[in-house]
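Biologist: I have the model open and want to learn how to read its features. Where do we start?

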Amino acid sequence: MPANKKLLVLPGDGIGPEVVREVRRVIDWLDRRRQVTFDVEEGLVGGAAIDALGHPCPDRTMEQALAADAILFGSVGGPKWDSLPFEGRPELGILRLRKELGLFANLRPALVWSPLAQASSLKADLVDGLDLMIVRESTGGIYFGEPRGIETLPDGTRRGFDTETYSEEEIARVARIGFELAAKRSGRLTSVDKANVMQSGRFWREIVTRTAAEFPNVELSHMYADNCAMQLASRPKQFDVILASNLFGDLLSDLAAAVTGSLGMLPSATLGAPDSSGRRHALYEPIHGSAPDIAGKGIANPCAQILSFAMLLRWSFGMEEDARLIENAVEKVLSGGLRTADIMVPGAARVGTSIMGEAVVRELDKMAA
Ligand code: NAD
């Protein structure tokens with residue numbers, strides 16, 4: 001069992017510190033009951049870092065991040081910093097981490113726990129047991145492509161423009177992550193593009209198809225992005241792993257999150273490329289933001305943050321068994337009828353952040369007994 005892994009915890013702003021606190025209980029539990037010890041460091045990011053050090057991701061945080069084996073990120077942002085100029089905003093903190101750590105593959109599971117199937121915007125039977133993973137390229141494509149801008153043409157009219165651009169390597173490396181993942185799951189990968197109308201889409205399809213040859217056990221299919229959106233909103237259980245560019249992955253993963261109906265339950269991981277020793281940078285965070293409307297009230301759902309930690313154990317440390325234990329503990333707590341306000345249903349017991357966190361640890365205790 002790996003021990004003394006270096007973990008950097010960046011709680012950030014709003015509900016970030018509240019939900020990260022509940023993960024600390026799980027970390028303590030692993031130390032106490034499973035003899036897995038982490039060297040945990042805390043760092044500053046987002047508005048908290050702006051207030052303390054004048055930058056959303058100070059150099060000290062970058063040094064800690066580069067030295068860490070894995071990063072657990074809370075969330076950043078809030079009204080206090082909304083009036084800052086774009087370059088100084090809390091959200092830039094995560095962008096610096098992604099860029100300088102080379103985190104190019106964003107993994108977003110969309111999972112519907114049976115006790116929560118009623119929370120979906122779709123009929124419960126369409127989503128009950130849904131378990132799909134969206135792999136989104138996260139450092140390239142139209143959000144970063146050049147040229148981009150807003151300009152005035154010689155005739156005095158104005159235009160805005162961006163560029164969708166992907167290199168062979170950018171596509172192949174994120175495709176490999178998708179294929180590896182599919183190989184560990186049901187062996188099916190759906191690659192999404194607009195090869196019918198975009199040159200970059202034709203190229204995406206060509207490179208993904210070529211990369212598929214490295215993974216003979218994975219069945220590859222292609223789907224146009226608009227059709228994929230429609231299928232996700234009508235028959236989401238047909239998918240296992242979906243591979244998409246930055247733009248399409250952004251839209252489709254939010255759609256998949258909406259289908260699950262519970263923002264407070266969804267974790268994510270963003271991975272870099274492995275180096276020659278197999279070590280890779282990785283950052284794990286819930287998909288929700290800092291929820292300023294409920295921050296400080298003690299009512300945030302800590303499950304997405306706890307499940308992000310389970311992903312961290314699985315992806316950064318190969319601790320599949322411990323990751324499953326935590327996921328099962330969360331499911332047991334839900335089946336037992338405890339709910340935070342965001343996933344409340346009639347007849348359930350409404351609890352706050354810390355009672356939910358304690359309940360997860362109690363289930364872990366029972367399972368390990
Ligand atoms: P949000 O995800 O913070 O909140 C949306 C809604 O969901 C709110 O009503 C909130 O109360 C609720 N919610 C979110 N997480 C919850 C949880 N764990 N438990 C219970 N309810 C929860 O999105 P937003 O309101 O659009 O953004 C708020 C701030 O967060 C903004 O400053 C935004 O830029 C930032 N943000 C940060 C990240 C990040 O750190 N990666 C991601 C998204 C948004």
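Modeller: With contacts. Contact here means heavy atoms within 4.5 Å. Keep in mind that this is a predicted model.

Biologist: Which residues of helix 1 meet helix 12?

Modeller: From helix 1, the list is Glu-18, Val-19, Glu-22, Arg-25, Val-26, Trp-29, Arg-32 and Arg-33. Their partners in helix 12 are Thr-353, Ser-354, Gly-357, Glu-358, Val-361, Leu-364, Asp-365 and Ala-368. By class, this contact has six nonpolar, three polar and seven charged residues.

Biologist: At what angle do the axes of helix 1 and helix 12 cross?

Modeller: Roughly 20°, and the axes come within 9 Å. Angles under 35 degrees count as roughly parallel. Helix 1 (residues 16–34) and helix 12 (residues 353–368) are therefore roughly parallel to each other. Their crossing is right-handed.

Biologist: Now helix 6 and helix 7. What is their packing angle?

Modeller: About 50°, with the axes 9 Å apart. Helix 6 covers residues 168–184, and helix 7 covers residues 199–212. Helix 6 and helix 7 are therefore oblique to each other. This crossing, too, is right-handed.

Biologist: Which residues meet there, between helix 6 and helix 7?

Modeller: On the helix 6 side, Glu-168, Ile-171, Ala-172, Val-174, Ala-175, Arg-176 and Phe-179. On the helix 7 side, Phe-203, Trp-204, Ile-207, Val-208, Arg-210, Thr-211 and Ala-212. Sorted by class, the contact has 10 nonpolar residues, one polar and three charged.

Biologist: And how do helix 8 and helix 9 pack?

Modeller: At an angle of about 10°, with axes 10 Å apart. Helix 8 spans residues 225–234 and helix 9 spans residues 246–260. The two are therefore roughly parallel to each other. Helix 8 contributes Ala-225, Cys-228, Ala-229, Leu-232 and Ala-233. Helix 9 contributes Phe-248, Leu-252, Leu-255 and Val-259. By class, that makes nine nonpolar residues, no polar and no charged.

Biologist: Let's turn to the ligand. Which residues come nearest to the ligand?

Modeller: There are 20 residues around the ligand, and Val-76, Glu-91, Gly-289, Ala-291 and Asp-293 come nearest. For polar contacts, look for N or O pairs within 3.5 Å. A polar side-chain atom of Glu-91 sits 2.5 Å from a ligand oxygen atom. Val-76 uses its backbone: an N or O atom there lies 2.8 Å from an oxygen atom of the ligand. Asn-301 also has a backbone N or O atom in reach, 2.9 Å from a nitrogen atom of the ligand.

Biologist: What about the backbone itself? What should I look for?

Modeller: Exceptions. Most residues other than glycine have a negative phi, and most peptide bonds are trans.

Biologist: Which peptide bond is cis, with omega near 0°?

Modeller: The one from Glu-146 to Pro-147. Pro-147 is placed in the loop between strand 5 (131–137) and strand 6 (149–152).

Biologist: And where is Gln-35 placed?

Modeller: In the loop between helix 1 and strand 2 (38–42). Gln-35 is not a glycine, yet its phi is positive, about 50°.

How values were computed: Residues numbered from 1 in each chain as written. Predicted model: local features only at pLDDT ≥ 70, side-chain atom pairs only at ≥ 80, totals over all residues. Heavy atoms only, no water. Axes fitted to C-alpha atoms, helices over the stretch in contact; angles between N-to-C directions. Helix = DSSP H or I, 4+ residues; strand = E, 2+ residues; numbered from the N terminus. Parallel < 35°, antiparallel > 145°, perpendicular 65-115°, else oblique. Left-handed = near helix turned anticlockwise from the far one by under 90°. Nonpolar A, V, L, I, M, F, W, Y, C, P; charged D, E, K, R; others polar. Near = heavy atom within 4 Å. Polar contact = N/O pair within 3.5 Å; in protein donor to acceptor, adjacent residues only side chain to side chain.
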